[in-house]
Amino acid sequence: MKVLNVYLSLTGNTKKIALQIEKAAKANGHDVDTIEVTKDIDKDTLNFLSYDFVFVGSGVYLWLPPQDMIDLWKSLQMKYVKSGDIKSYAPRRINKKAVTYCTYAGPHTGINEATSVPKFLGQLLDHLGFEIITEWFFEGQFNSKDSFYTQFNTKGRMGDITGRPNEDDLIRVDNMVKGILQV
Ligand SMILES: Cc1cc2nc3c(=O)[nH]c(=O)nc-3n(C[C@H](O)[C@H](O)[C@H](O)COP(=O)(O)O)c2cc1C
């Protein structure tokens, strides 16, 4: 399959997951294009419809994806509406599937403060007719020098998330990707 692997990672946590997704998908014989979203990304580099399978992920910032991801998704939505690829009633496309995910710290309300992110990321693809087959959540420590944030690595609702995502998380990613892409 042709696989698109898109991510935005402000402090490196989601990048670890995305690179493991790339590794696992390639090891299973798929063609993978990995694209990191940046502020200046040309939206035309993300041509979802030329892929069979899409992974999209980001960190969680005040319950939402980072603003650059939100802005990009909005401009892509406009682009696909204008091109006629987003149609009313969003008909399904055969063999177009996606997984959305986030890395999050969940210090106050646990996974509840992260659930909007894979949902938000999935809507553009759902509008395009992709089937969102699942949403993944990975713990990601606060990578900050500010103790206001780092206290949450041990004092939050997720327990001690220091060092996450760690090697065990990456093994988990490997197995999840294999499980989803193996035919
Ligand atoms: C300013 C800031 C705000 C954050 N807000 C949230 C939040 O609302 N909910 C949450 O679960 N994690 C929050 N986090 C933790 C990050 O989502 C987590 O560390 C994530 O793994 C970062 O991913 P990235 O390095 O790929 O951007 C926040 C982190 C920072 C630095």
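Me: What makes strand S1 and S3 a pair, and in which sense do they run?

Reply: Two strands pair if DSSP finds at least two bridges between them, and six bridges join S1 (residues 2–8) to S3, the two running parallel. The model is a predicted one, in which local features need pLDDT of at least 70 and side-chain atom pairs count only at pLDDT 80 or more, while totals for chains, interfaces and linings use all residues. Residues are numbered from 1 along each chain as its sequence is written.

Me: Why is S3 called largely enclosed?

Reply: A residue is buried if 20 or more other C-beta atoms lie within 10 Å of its own, exposed if 12 or fewer, and partly exposed in between, with C-beta atoms placed from the backbone. Seven of the seven residues of S3 (residues 53–59) are buried, so the strand is largely enclosed by the rest of the structure. Phe53, Phe55, Gly57 and Gly59 point one way and Val54, Val56 and Ser58 the other way, and all are buried. In a regular strand the side chains alternate between the two faces of the sheet.

Me: How do you know whether Glu36 is buried, exposed or partly exposed?

Reply: Glu36, which is in strand S2 (residues 31–36), has 13 other C-beta atoms within 10 Å, and is therefore partly exposed. Leaving aside neighbours within four places in sequence, Glu36 is in contact with Tyr7 and Leu8, where contact requires C-beta atoms, placed from the backbone, within 7 Å. The C-alpha atoms of Glu36 and Leu8 are separated by 5.7 Å, although the two residues are 28 apart along the chain.

Me: What makes a β-α-β unit right-handed, and which units are described that way?

Reply: The crossover is right-handed if, with the strands pointing away from the viewer, the path from the first strand over the helix to the second runs clockwise. S1, H1 and S2 make one such right-handed unit, and S3, helix H2 (residues 67–83) and S4 make another right-handed unit. Helices (H or I, at least four residues) and strands (E, at least two) are DSSP runs, numbered from the N terminus, and the protein has six helices and five strands.

Me: Why is the protein called as compact as a globular protein of its length?

Reply: The radius of gyration is taken over C-alpha atoms, and the globule rule is 2.2 Å times the number of residues to the power 0.38. For 183 residues that rule gives 16 Å, and the radius of gyration of the protein is 16 Å, close to the rule, so the protein is as compact as a globular protein of that length.

Key. Two residues are in contact if their C-beta atoms, placed from the backbone, lie within 7 Å.
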